[in-house]
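Please read them with the structure open.

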Amino acid sequence: MRAFGHLGAWWRCATLLSLRLMFFLPAGLPVRSQGDSQSDNKVMDNVTVRQGETVFLSCAQGDFVTHTAWLNRSSILYAGEDKWSVDPRVSLVTLNQEEFSIKIENVDMTDEGQYICAVQTSSKPRTTSVHIIVQVPPKIMSLSKDIVVNEGSNVTLMCSASGKPEPSVTWKLLSPSGHGLSSDDEYLEIPAITRQRAGMYECTAVNEVSTDVQTVELTVNYAPSVVEGKDVGVTLGQRGVLQCEADAVPQADFEWYRDDRRIFNGFDGIEIEDDGALSKLTFFNVSEADYGNYTCVAINKLGAANTSIVLYVQDGNSATTGTHTPACLLLMVALQLLMRF
């Protein structure tokens, strides 16, 4: 049954011709209905398969079968045992008096469409048609890159995905408080963004097949704000520490001043230690000359903020009682900011 010779060639042509006559005649021409004495046409339920899976196509044979074929649209896949398709994914499963079945492995979108099993008996032709529907898992195709903006800016995040059925796309801010932004759309609009809206944003694409998830990091820059400084009382000869804490993005740089004079690390035995949002000014052996008013300034490219801290004698005899920031110091800080730009 491997080669048909002239008879096989005739069968191939006849098969294609008969199928075209039965299924592709122009509207208005008479077509024999199911149950006609000359032909028997059966339509099976649609077969839904996911991309990458294997689909099996089968039709009943019956007695006195002379020729059989499986076709995809107008191309013959198999004529009996003779494989016409050059696609290695298509193979014969069963061919006997009861059943004629093939399989298609690693199904893709190009495999979607109508398939026809044509059977020629001694009395009449019989066809069975089935439509394959290929489902494709969602895949995020385009996504906003990680973004850095200044506070007050308008922000738009975009996420588009492909798949079949068409996936739904949602946005969500992964907020520890659980009060994050969300959107049931490809675009997430954030007008006049605040620092509280910074964080990781998650785009999710979902359809009946599966889910695809990707994230975008949104960084919001803002000028420093400092925690109000706490005055510190220290006994002569003891160790004293002044602390300054600032909130800023990008992270703030710290500067310490005594009156209008900047203090550097190691100056007069004083140590300055910066650790992220916290800066410490440490006196290892407090003297009379150390008592007084100190100013901490936190600076980044968007601005500056300051706070004053008094180091006073533990018994209450403070060397100075003023807690204001000298006007000269504020002028110096402003000049430094201008020089940064």
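Which hand does the link of Cys-244 and Cys-296 have? With -80° about the S-S bond, this link is left-handed.

1. Basis. This is a predicted model; local features need pLDDT of at least 70, side-chain atom pairs count only at pLDDT 80 or more, and totals for chains, interfaces and linings use all residues. Residues are numbered from 1 along each chain as its sequence is written, and side-chain values use heavy atoms, with hydrogens and water left out.

2. Count and pattern. The whole structure holds three disulfides (cysteine sulfur pairs within 2.5 Å). With the bonded cysteines numbered in sequence order, the pairing is 1-2, 3-4, 5-6.

3. Cys-59 and Cys-117. Their sulfurs are 1.9 Å apart. Cys-59 sits in strand E3 (residues 55-60) and Cys-117 in strand E9 (residues 113-121), so the bond ties together parts 58 residues apart in sequence. Strands are DSSP runs of at least two residues, numbered from the N terminus. Cys-59 is buried at 4% relative accessible area, and Cys-117 is buried at 0%. Buried means under 20% relative accessible area, with a 1.4 Å probe and protein chains only.

4. Cys-159 and Cys-203. This disulfide has an S to S distance of 1.9 Å. It links strand E12 (residues 155-164) to strand E16 (residues 199-206), and the two cysteines are 44 residues apart. Cys-159 is buried at 0%; Cys-203 is buried at 0%.

5. Cys-244 and Cys-296. The S to S distance is 2.0 Å. Cys-244 lies in strand E19 (residues 240-249) and Cys-296 in strand E24 (residues 292-300), 52 residues apart. Both cysteines are buried.

Definitions and conventions. Helices (H or I, at least four residues) and strands (E, at least two) are DSSP runs, numbered from the N terminus. Buried means under 20% relative accessible area, exposed over 50%, partly exposed in between (1.4 Å probe, protein chains only).
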